[in-house]
Every structure is written in structure tokens, then in C-alpha cells.
Amino acid sequence: MNKSFVSNIKTHLLDRKKIVVIPHLSPDADALGSCLAIYHFFKNNHEVDIISPNEYSEVLKFLPSEDEINRFDLSKDKCVKLINHAEIIFILDFNNLNRVRKLSPYIKESKAIKIMIDHHESPDDFATYAYCVPSMSSTCEMIYNFLSEYDKNLIDKDIAECIYTGIVADTGSFRFPSTSSNTLKIASELIDLGVEIDQIYQNLFNNFQFSRLKLLGKTLENFKKVKDLPVMYSLLSDEDQKTNNYKKGDTEGFVNFGLSIEGILCSVLMVEKKDEGVVKLSFRSKGKISVNDFAEKFFNGGGHIHAAGGISHLSLAETEEKFLKDILTHIKS
Ligand SMILES: [Mn+2]
């Protein structure tokens, strides 16, 4: 990280400021961990408010001070006021205003200093200060770099827990290639700060409802292999979700199961969202197959080389058909 990034930001925080912290839509553990780490770090000397664009998985409610998070979809007036009065806005784990949908115009119009910390490809350039490195394992790893450069002594156990949770989630428990020796050094320092890794593991991975296990079963049953290509995909209809009492975040990680099959380099999950009139797609890959460009070109999305998301406005069956055609083009090119 550029040292002037931190020193520049410090000059704005010499006196008490109104800070707003914003994660992407349907924030995951990395996004919320980042926001809450910033919240805990600055809350004693500044007025800090977190605004999530919408809901997130129940599973993440164990994060320290999660109940402080404001929801734009539930308390719009309050959130708009907070953004309008903000002097500093942190943009965390996203780099494009499309990722916050209805919040986007308020951020765009705000005169606040905007600080972007993110690890996705191709950042937009609306931020005043940006720390964007796509090779980083997680935004939480970057938050650790930022805060330890800012004042390492202020990183306490709560902050360490938030950061550790985001790193574990985004690295698939330190398995993905983005896990560097530095990621592990940071994890070790977080343990020294008191993080109980088994507790975080239990909270993050062993805290689901039985209905989610049934939904996983349905997803696995629906997996198909694309003929002549190293690609697997599965579909979840609206009905599959209703039958299995779907809750936000339940399908997180399901797509990875396709990659557990010998020789498979790409896995895709298509989830029908009838109330929004869309199908949401998750893409995972390994080796030479990239999915961020595929998601961007064919499904209005993006992300990382080996993990991306997209959206389709077609029906589930039409989306499947389009995907089978597009993936052939993508892999052959
Ligand atoms: Mn992330």
C-alpha cells in the first residue's frame, strides 16, 4: 500500500468527523467485516455509521456490533440524511456504484471525501483516495494493512475478529490461490490479538438451518455437466427455494461443489429470483479459465478472475440455454 494513502487520509481525520461506511449490495462476510473493522477503529474519535444497501445473511449477525448497521431499504430517510451530512465515506469491497444500486445517486452527489478500499478488477475512478489491489485475498486483508499503518496499537480483539472473519470467508478458509504468505502472517497476528479461530469457524460454517442442508441437496442433485467442456452447472428454481425455506445467503458457497469434480475447471449456479424478475448467476473457475470477463460480457456482471457474479433478465430455462451457448464461445476463444 502506498504510504501517502494513509498519511493523506490522516490529515482529514485530525478533528472529529462524520464518517459513513458502505459495503456492496447483499454484503458478505468480507464486506461486513471490513465495515465493522473501520467502525470499531474510528468510533471513539469520530461519528461512524454503517449503511448496508439491503439485507444480509443471518449467519453474519455474530460480528461484533452488527446491530449498529443501518439498512437503506428499511430506513431510507435516516440513511439519506447520514450520507448528506457525511464528511468522509468509506466504500468497502466494491469499486463500481452499480454494486449499491439505489444508494448510488446519493454517493455520487455527496461532497464527502470518498475512500475506496477494494480487491475487485477494474475500479471506477470516483473515489478521492483509492487502495485497490485485485490480487489481494480480501478487502479485510487490505483493511488490516490500512489500519496497521494508521495505528497498529488501536487494533483490538473486536477489530481482529471482523478482519479474520472476512479473510476466512473470502479465501475459502485459506485455500484459494489469492491466499499469500502475507495473508497468513496477518491471520497469525489476529490470533495473537485474541481471535478464537474455532469460534469464528463455528459461527460462520456450522450455524445454518436444516432447510439450508436440504437446499444444498437440491442444488447438488440439479448439477449437470456441459458436454465436451470442463464445466458443471446447477439451477435452483424459485419453487426449490420456497420448498426449502430459502433465506438470504443460504446459497453462498454452493457453486464451489462443481469444482470438486475431477477435471472440472468451471462451475456455475443459476438462482431464479421471481420477485425481482431475474436469475442470479455465480461463477467459479480455476486455472486458465477466467469468469469475470465472461460474466461481464454475457451476464451484466463481473468480479474476480476465478469468482464472479452476473444477472439475467430471461427466464430460468432461457438463461440456461443462453449460458450453454455463451460458455462454448467463451472457452473456445
Ligand atoms: Mn471481498
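Which residues in α2 meet which residues in α6? Ala-29, Asp-30, Gly-33, Ser-34, Leu-36, Ala-37, His-40 and Phe-41 in α2 touch Asp-158, Ile-159, Cys-162, Ile-163, Thr-165, Gly-166, Ala-169 and Asp-170 in α6, with contact taken as C-beta atoms, placed from the backbone, within 7 Å. Helices here are DSSP runs of H or I with at least four residues, strands are runs of E with at least two, and both are numbered from the N terminus. The model is a predicted one: local features need pLDDT of at least 70, side-chain atom pairs count only at pLDDT 80 or more, and totals for chains, interfaces and linings use all residues. Residue numbers start from 1 along each chain as its sequence is written.

The axes of α2 (residues 29-42) and α6 (residues 157-170) come within 8 Å and cross at roughly 165°, axes being lines fitted to C-alpha atoms over the stretch in contact, with angles from 0 to 180 degrees between N-to-C directions. That makes α2 roughly antiparallel to α6 (over 145 degrees).

Then there's the sheet. Six strands form an open sheet with mixed pairing, in the order β7-β8-β9-β10-β12-β11; strands pair if DSSP finds at least two bridges between them. At the edges sit β7 (224-225) and β11 (302-303), each pairing on one side only. β11 runs antiparallel to β12 (residues 307-312), joined by two bridges, and Gly-302 has Gly-309 in β12 as its bridge partner.

Two helices lie across these strands. Helix α11 (residues 292-299) covers β10 (278-285), β11 and β12, at about 10° to β12. Helix α12 (residues 316-332) lies across β8 (231-236), β9 (266-273), β10 and β12, at about 155° to β9.

Technical notes
Parallel < 35°, antiparallel > 145°, perpendicular 65-115°, else oblique.
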